[in-house]
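These are my notebook entries on one structure, kept in the order in which I looked things up. Each entry takes up a single topic.

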Amino acid sequence: MHAARAKVIWSVIAWTIVLAVVFPLIWMIVTSVKPQSELFSIPPTLAPETITFEHYVRLLTETPFLQYFRNSMILAVTTTLVVVTLGTLGAYSLVRFKYRGRETLATLVLFTYLMPSVVLIIPLYLMMVKLGLANTLTSLVIAYTTFALPYALWLLRSFMSGIPEDLESAALVDGAGRMGAFFDVILPQALPGVVSTALFTFILCWNEYLFALVLVNSDSVRPLTAGTMNMLITAFNIDWSLLMAASVMMSLPLIVIFTFLQGTLTKGFGAGAVKG
Amino acid sequence: MHSVPPSLEKRYAMIGAVLIAPTVLVFCAVILYPLISAIYLSLFSIYTPTLAGEWVGVDNYGALLASGDFWNAVLNTLIWTVGTLTLQLVCGVAVALLLNQSIVFQSLARSLILFPYFLSTVVAVLVWRWLFNDLYGILNHVLLIAGLIDAPVNWLGQMPNAMISVILVGAWKYFPFVVIAVLARLQSIPEQLYEAATIDGAGPFQRFTDITLPQLRDVLVVVVLLRAIWDFKEFDLIYLMTGGGPVKATQTLSLLVYEEAFRLNRMGMASTYAVAMMLVLLGFTLLYLRQTNRLEEG
Amino acid sequence: MAKVVFEKVRKTFGSTIAVDDLDLTIDEGEFVSVLGPSGCGKTTTLRMLAGLEEPTGGTIRIGDCVVNGVPPAKRDIAMVFQSYALYPHMTVGKNIAYPLKKRGVREPERSERVQATARLLELETLLDRKPRQLSGGQQQRVALGRAMVREPEVFLLDEPLSNLDARLRAHMRAELIELHRRIGRTMIYVTHDQLEAMTMSTRIAVMNAGVLQQFATPADIFHRPANVFVAGFIGSPAMSLVDAELTDPGSDGGGDGEGRFRVRCGALDVALAPGLLRESAAPAPVSLGIRPEDILLGSGDHSAAVGVVERTGHESIVRLDADGTPLIARAPGDTPIEAGETVRFSLRAERLHLFDGVTGQRLNAENR
């Protein structure tokens, strides 16, 4: 049948490309379980001849990796909570309320895209020093909030504007106040969007590098991104096995989120992606 | 109950204002403060570690225009932005079209293609640097076997390889954004349009140019503008891959600002570069605004 | 006792006037329809009464209280929305219970009242379902239940039947009439469907372009429309409205010596029954209105060419062309009249409607 044959052809082409795109990640995992001896063989072997977890063990026991991991976790979770709370309330305000300057504010959200992080970093660095917060996790939470919040608002706005206005009107007539309507009706309806946004914010914070690099300079506070790069440049020789193991572990939350919530993430991303 | 209470609309407006207040606070920190700071700082010469500075007025701007480094960075930024954006666009649209077809494990394919975008830049850079490794990297190995090269290539330490490598990795990392946006749009094109065209005698290529492309045009314009802004700003990827090297060959404006501020310890000059960057981005953003407004009206 | 009073109520959106100087007094226990075409201001009026929009000017009273500025929650009203607006994440039972919960009604009274309302609307078996699992008619009843459970002073209904298919709509019309009879509360019903308004209301408020055209009983609206708009809007098939000339009794060329007004439109020249027009009537351009059932086909002083004949089974709708004057008439279902024929007809002189050619206002005398 013509359609079935087309499906086969398209599938082959599509999956070849998908696998090519994903190959670097596969290679990352493969490298991380190869013993050192095999690593430096020329030509390099595609499939590992022996599988070892020694690099992971070394990573967790001989480096500050776990500390970095813990810092990243605290950082990402805290920032996500702050951003989602502020963002949900703010998005609700932008979508359902009328007040002077509302449109300007919405446009201002867009203007935050103007700010290259290198530009933000200088005043933020100065501010943290003045507040006595230099080199603390708090400074990172504040810093991350400043760039994560615009994204969150952008996503949440498009989710909330999709909720029918009648629902809120019905709640108001039924006896709720504005905030009552928000908690009873809007929030439950927006929940998938809120979850999407939370995941997106988490990933954004988890992956952030520059702010961590500049605002923090001790291992006790360093998150994963800066920490791993630190391991790279302070080492005498570049230990690729270790770095690949670290990369795999750094990507774990992403893989977990993806496996369980890929639907939610892409839906949210697609919906909010191009709307202004 | 014969008194006239304050207007309902006014009360609601106050609640709305309260809800957005924390966000406004944050925005003042993000937009107003850095903007004013950057402009203010650019008029000084500041030594970063001690934050001691002295007024130099517009001298910094003069130095900027005369500086070879500045124009070099501008050129590099342009090459990088145009290069990676074009690749992102072409690959993004192509893959989106592909994933819009009926294929096995379609949703899995669509999820997997997103991985590069959501991956940490640090991880992406580490993996690619390993791939690009001249001795042990698998890329050289595969190309050697395929007979495309005679000797291992130095991907990151040589020009023009370094810029090309950076552009390639940038495209790999960011093209899924284009895929998702375009795919979402493709899926909203009613099947009936294609059916009507087929009845009217249009072949597959014609259907693509007459139906698909016009529908995609709006999305693509927005995507191009957004990605242009983000690619222009990019710091992490280039910094981590090449550090700006070899010898400033891949130093973009973002990297220049960083270098001035934290390596040369000239915070004032860095701010000057930052202001220049922001002006360019302002242009892009205004374009974007005008385009989305036009879309909303049209 | 007046239940709902609109006093000089105005609503503008920017430069658009949605509702213009509305004066309306609705009595306790009435079923009032606010009827008009899309964009006439009827939904805006309802929403102002609910507190979802704020009037730009004027006062609204519910009972004795001025409700301007009072939030919807405190107005003792309930509303059924066109889209039903059922809370998708709550079960039917929780939907109906929600207003009670918001007013602080505790268990077990809350469940009892929900049960009683569910019983009344035959929803008991559906209480644990979610709205998306229900049919359109069932959803509509849940929306009604949610409004009724609170026993408010005033019910507001915003085109609640417009999303139902024709058969269900007819059924629900009867249900709503019965409901009103049973609970006896004031109901204000917005619709663009004149059939609903005519069958269900004690009085109808006809609106057009933000202005109240007429507020009267269905019978009055039908038999004595206040202006050209109401005349043309009510009645299906619509009243034939033609431009005509009102001639002076006794003046040259018009009078017939009996002192009666005549109205002339093309070939049509009709003597009006004495006393049909009010005292102040004078010769002028007018609009002449004739309802299809007031054109008697078969014999008479006038003749016309027959255009399309639509046979619906129990009657036929005949389109006529009386020398350039288009008319629509009703005939029995088995009428032998065919398209293309010429037919004679007469008009029921006492059933003619005349409207001022400029203002559109009714020229007939009171009760005529």
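Predicted model: local features only at pLDDT ≥ 70, side-chain atom pairs only at ≥ 80, totals over all residues.

The entries below go from domains and chain contacts to helices, strands and single residues.

**Entry 1. Domains of chain A.** I looked up the domain assignment of chain A and found domain 1 at 1-52 and domain 2 at 63-273. Taken over C-alpha atoms, the centres of these two domains of chain A are separated by 32 Å. I then asked how many residues of domain 1 of chain A are in contact with domain 2 of chain A. Six residues of domain 1 are in contact with six residues of domain 2. On the domain 1 side, helix 1 (2-32) and helix 2 (36-39) of chain A each supply at least two residues. Helix 1 of chain A gives the largest share of that side, four residues. By class, I recorded three nonpolar, three polar and no charged residues on the side of domain 1 that touches domain 2.

**Entry 2. Domains of chain C.** For chain C, the assignment gives domain 1 (2-226) and domain 2 (233-356). Their C-alpha centres lie 39 Å apart. Here five residues of domain 1 of chain C are in contact with four residues of domain 2 of chain C. The domain 1 side of this contact in chain C consists of four nonpolar residues, one polar and no charged.

**Entry 3. Chain B against chain A.** I next examined the contact between two chains: 78 residues of chain B are in contact with 74 residues of chain A. Helix 1 (residues 8-41) of chain B contributes the largest share of the chain B side, 20 residues. I listed that side of chain B by class as 62 nonpolar, 13 polar and three charged residues.

**Entry 4. A helix pair across the two chains.** Two packed helices are described by the angle between their axes and the distance between the axes. The crossing of helix 12 of chain A with helix 6 of chain B is left-handed. Which residues make the contact? From helix 12 of chain A they are W240(A), L243(A), M244(A), S247(A) and M250(A); from helix 6 of chain B they are V123(B), L126(B), V127(B) and W130(B). I counted these by class as eight nonpolar, one polar and no charged.

**Entry 5. Helix 9 of chain B.** Is helix 9 (residues 191-199) of chain B largely in the open or buried? Of its nine residues the number buried is zero, so helix 9 of chain B lies largely in the open. I also noted that G201(B), which follows helix 9 of chain B, has a positive phi, near 100°.

**Entry 6. Strand 6 of chain C.** In a regular strand the side chains alternate between the two faces of the sheet. Strand 6 of chain C pairs with strand 7 (residues 154-158) of chain C in the parallel sense over four bridges. Within this pair, M79(C) stands opposite L156(C).

**Entry 7. The five-stranded sheet of chain C.** I traced an open sheet of five strands in chain C, in the order 13-12-11-14-19, with antiparallel pairing. Strand 13 (268-271) and strand 19 (353-356) of chain C stand at the edges with a single partner strand each, so one side of each has no neighbour in the sheet. From one strand to the next the twist averages 35°. Strand 11 (residues 240-247) and strand 12 (residues 262-265) of chain C pair in the antiparallel sense over three bridges. Here E245(C) stands opposite R264(C) of strand 12.

**Entry 8. V114(C).** I located V114(C) in helix 3 (residues 109-120) of chain C. With 25 other C-beta atoms within 10 Å, V114(C) is buried. Leaving aside neighbours within four places in sequence, V114(C) is in contact with G93(C), I96(C), A97(C) and V149(C). The C-alpha atoms of V114(C) and N95(C), 19 residues apart along the chain, are separated by 9.5 Å.

**Entry 9. E315(C).** E315(C) belongs to strand 16 (residues 315-322) of chain C. I found E315(C) partly exposed, with 17 other C-beta atoms within 10 Å. Beyond neighbours within four places in sequence, E315(C) is in contact with R330(C), A331(C), P332(C) and G333(C). Of these, A331(C) is 16 residues from E315(C) in sequence and 5.9 Å from it in space, C-alpha to C-alpha.

Technical notes:
Residues numbered from 1 in each chain as written. Chains lettered and ligands numbered in written order. Domains from an automatic or database assignment. Contact = placed C-beta atoms within 7 Å. Nonpolar A, V, L, I, M, F, W, Y, C, P; charged D, E, K, R; others polar. Pairing = 2+ DSSP bridges. Buried ≥ 20, exposed ≤ 12 C-beta atoms within 10 Å, placed from the backbone. Axes fitted to C-alpha atoms, helices over the stretch in contact; angles between N-to-C directions. Left-handed = near helix turned anticlockwise from the far one by under 90°.
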